[in-house]
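Have the sequence and the model open side by side as you read.

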Amino acid sequence: MKLKTGLKLALLHSTIREDEKLIIREAEKNHLDLTILDARYQVFNPHSWQNYFDVILERCLSTTVGFQATLFFERLGMKVINSSIVANNCDNKFLTSLLLSEHKIPTIPFALVFNEDQAKQAVKQLGGYPLVIKPVSGSWGRLLAKVNDDDSLEGIIEQKQVLGSPMQKALYLQKYVNKPGRDIRVVVIANQVVCAIYRETSHWITNTARGAQAKNCKVDQKLSEICVKASSAVGGGILGIDIFETDKRFLVNEINHTMEYKNVQRVTGVNVAAEIIHFCQEVAKS
Ligand SMILES: Nc1ncnc2c1ncn2[C@@H]1O[C@H](COP(=O)(O)OP(=O)(O)O)[C@@H](O)[C@H]1O
Ligand SMILES: [Mg+2]
């Protein structure tokens with residue numbers, strides 16, 4: 001039996017998906033001292049916490065659970081991937097858009113409003129319909145609405161105002177981008193492009209969780225450059241960047257900080273899990 005290396009890695013999770021299984025397999029292959037830590041069953045009390053890890057890989061299904069646990073471990077002096085700053089920059093789509101636009105990275109015209117009147121002003125500022133309304137924080141293409149006219153805008157806003165949580169009352173609007181039946185998901189680790197897939201579907205929502213087909217995508221220099229810039233703008237780490245293609249250029253849509261990558265690994269043949277473990281080792285050493 002081979003001895004484990006000194007590196008103490010914790011995989012912080014809620015459910016164990018195929019993505020987490022791939023990481024566990026790679027950690028074992030590399031003989032890391034791996035602790036599998038279910039965030040749902042911990043008491044995050046700094047006065048009673050006993051364990052120390054060189055690096056914690058945050059892979060919780062719930063962004064709320066993952067984010068609170070990340071804050072906890074960081075305050076106890078441990079390194080968490082992705083850091084709370086990166087997680088917040090990505091989880092909040094409005095903040096991601098602000099960072100992209102601040103760094104002059106091509107992105108989709110956007111605005112945030114809290115009321116119908118301001119929403120109508122934003123529609124004019126963004127050049128009219130169609131628009132997309134989405135939650136400031138969300139995933140898997142859930143709760144997105146494509147809005148074609150004032151009637152549907154009013155209906156959606158009323159629903160959110162009456163039935164929504166306080167966060168859903170924040171109306172994050174984006175110009176609708178006419179995509180060529182697909183978008184691109186690019187995996188970037190440590191500010192370097194690892195691989196990418198096209199997500200193809202006849203529906204305007206192209207998440208694989210919503211049935212889009214994954215196909216290998218070759219990354220050219222132009223796409224690579226924009227992804228590296230976008231990654232740096234949110235603070236680096238392990239990221240899944242969503243890109244739209246237009247006639248003229250690539251646009252960054254959003255950036256995911258706990259990406260699912262099993263489909264990417266399957267269709268590209270790139271061992272993303274191995275890259276993730278390698279990055280954990282580098283961060284632990286730094
Ligand atoms: N402004 C937009 N124009 C056209 N399609 C969009 C737009 N915003 C989102 N989509 C489609 O919806 C999908 C999900 O939106 P996204 O912002 O990535 O949220 P999620 O976090 O739920 O994945 C995108 O991958 C894309 O296919
Ligand atoms: Mg997305």
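Helices (H or I, at least four residues) and strands (E, at least two) are DSSP runs, numbered from the N terminus.

This is a predicted model, where local features need pLDDT of at least 70, side-chain atom pairs count only at pLDDT 80 or more, and totals for chains, interfaces and linings use all residues. Residues count from 1 along each chain as its sequence is written, while chains are lettered from A and ligands numbered from 1 in the order in which they are written.

Back in H9, the buried residues are Val272, Ala273, Glu275, Ile276, Ile277, Phe279 and Cys280. Buried means 20 or more other C-beta atoms within 10 Å of the residue's own, with C-beta atoms placed from the backbone.

Now for strand E12 (residues 238-245): 6 of its 8 residues are buried, so the rest of the structure largely encloses it. Its pairings (at least two DSSP bridges between two strands) look like this:

| Partner of E12 | Sense | Bridges |
|---|---|---|
| E9 (residues 182-189) | antiparallel | 6 |
| E13 (residues 250-256) | antiparallel | 6 |

Val187 has Gly240 of E12 as its bridge partner, and Asp242 sits opposite Glu254 in E13. A hairpin of 4 residues links E12 to E13.

Ile243 touches (C-beta atoms within 7 Å, placed from the backbone) residues including Val186, Leu223 and Phe250, leaving out those up to four places away in sequence.

Notes: A residue is buried if 20 or more other C-beta atoms lie within 10 Å of its own, exposed if 12 or fewer, and partly exposed in between; C-beta atoms are placed from the backbone. Two residues are in contact if their C-beta atoms, placed from the backbone, lie within 7 Å.
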